[in-house]
Amino acid sequence: MALHSPAKVNLFLAVTGRRPDGYHELISLMCPLELADKIHMRVGAGPVSVACAHPDVPETGANLAHRAARRFLDAAGIDAGVEIVIDKRIPVAAGLGGGSSNAAAVLSGLNRHFGGPLTPAFLADLAVSIGADVPFFLFGGPAMAAGIGEILRPVAAPLPPFHVVLLCPSYGVSTASVFKNLNLALTKCKKIHKSYPLDSQAFDAARHLCNDLEDVAASIHPDIHAAKATLLDNGASGALMSGSGPTVFGLFSEADAARRAERSIAGSGQWRVIKTRLRV
Ligand code: ATP
């Protein structure tokens, strides 16, 4: 079975609180990208196994795709093995949700394969038990996320089909370390959501692009601010860090402008540059 496992960007991310169990509550506008991993999955006898040539992706039970397969089989009471091969194209630990996307692709792929033994609600519960971003990838389109990411609603109005240029630093960032350094008293995106409520109006890059985790990550990695400035200097309508970073994305209305920015920034050799599109 061949599975398509897209990356995402957060076009808006306000951290609104912290639950007693340590999870952060947020309001986020999330959108899948055309950029995607390819997954091949084979159901048979034997154990659950994962193969991935990327050096930073575990091939053990710590792999989120492995965890998803194991939890699905246990929950559905199915005695089978699953062989998963991941062709990793999404930069790792980059704020683009690659691992969560892989987990969601495996959950829905297995549920389809076995004729739907788990209800969508049960599958969504399994998803959030694997990671806060996994329910979004099961949802399968642009969404407003609330709670810790498990409460999902369709967007108020269709998103513009922006071309996207991603600037990916060579280092990864751990989501946990960014949240640990976050001072909730200093967050500012909630105010923007109050003035220009995202759940009732169309997305407007000039007003809505905001990420409470950006300054936290940039205080550790100042090149995040430099990446934003570079994208804006190269004609982006707006630029923002995605998720907990460190990837910064620029939005372009025209393909030509995105291509020019891609070429010019790639020439500097400072970042890995990927041109893609919102999958609206
Ligand atoms: P998060 O916000 O969950 O940290 P991210 O998008 O920033 O997500 P991922 O690419 O999902 O980053 O990788 C985060 C960590 O998860 C990495 O350190 C990686 O080793 C581990 N990981 C486990 N399974 C996978 C997977 N299938 N693909 C990518 N990374 C995985």
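## Basis of the report

The model is predicted, and local features are reported at pLDDT of at least 70, side-chain atom pairs only at pLDDT 80 or more, while totals for chains, interfaces and linings use all residues. Residues are numbered from 1 along each chain as its sequence is written, and side-chain values use heavy atoms, with hydrogens and water left out.

## The ligand site

The ligand is surrounded by 18 residues, where a residue counts as near if one of its heavy atoms lies within 4 Å of the molecule. The closest are Asp56, Gly95, Gly97, Gly99 and Thr175.

Polar contacts are pairs of N or O atoms within 3.5 Å; within protein, one atom must be able to donate a hydrogen and the other to accept it, and residues adjacent in sequence count only if both atoms are side-chain atoms. An N or O atom in the side chain of Thr175 lies 2.6 Å from an oxygen atom of the ligand. For Lys88, a polar side-chain atom is 2.9 Å from a nitrogen atom of the ligand. On its own the ligand has 590 Å² of accessible area, of which the protein covers 79%; such areas come from the Shrake-Rupley method with a 1.4 Å probe, and for residues only the protein chains shown count as cover.

## Helix H2 and its surroundings

Helices (H or I, at least four residues) and strands (E, at least two) are DSSP runs, numbered from the N terminus. H2 has 16 residues and reaches 22 Å from its first C-alpha to its last, close to the 22 Å expected; the expected span is 1.5 Å times one less than the number of residues.

Buried means under 20% relative accessible area, exposed over 50%, and partly exposed in between (1.4 Å probe, protein chains only). Because 12 of the 16 residues of H2 are buried, the helix is largely enclosed by the rest of the structure. Among the buried residues are Ser101, Asn102 and Ala105. The cover over the buried residues of H2 includes strands E1 and E2, and helices H1 and H3. Just after H2, Gly115 takes a positive phi of about 80 degrees.

Ser5 lies in strand E1 and is buried, at 0% relative accessibility. Its side chain makes a polar contact of 2.7 Å with the side chain of Ser101 and another of 2.8 Å with that of Asn102. Not counting residues up to four places away in sequence, Ser5 touches several residues, including Ala36, Ile90 and Ala105; contact means heavy atoms within 4.5 Å.

## Aromatic pairs

Rings of Phe, Tyr and Trp (its six-membered ring) pair if their centres lie within 6.5 Å; planes under 30 degrees apart count as stacked, over 60 as edge-to-face and the rest as tilted. By this rule there are two aromatic pairs. Phe72 and Phe114 are stacked, at 6.2 Å centre to centre and 20 degrees between the planes. This pair links distant parts of the chain, 42 residues apart: Phe72 is in helix H1, and Phe114 is in the loop between helix H2 and helix H3. Phe72 is buried at 0% relative accessibility, whereas Phe114 is partly exposed at 29%.

The pair of Phe136 and Phe137 is edge-to-face, because the ring centres are 5.0 Å apart and the planes stand at 70 degrees.
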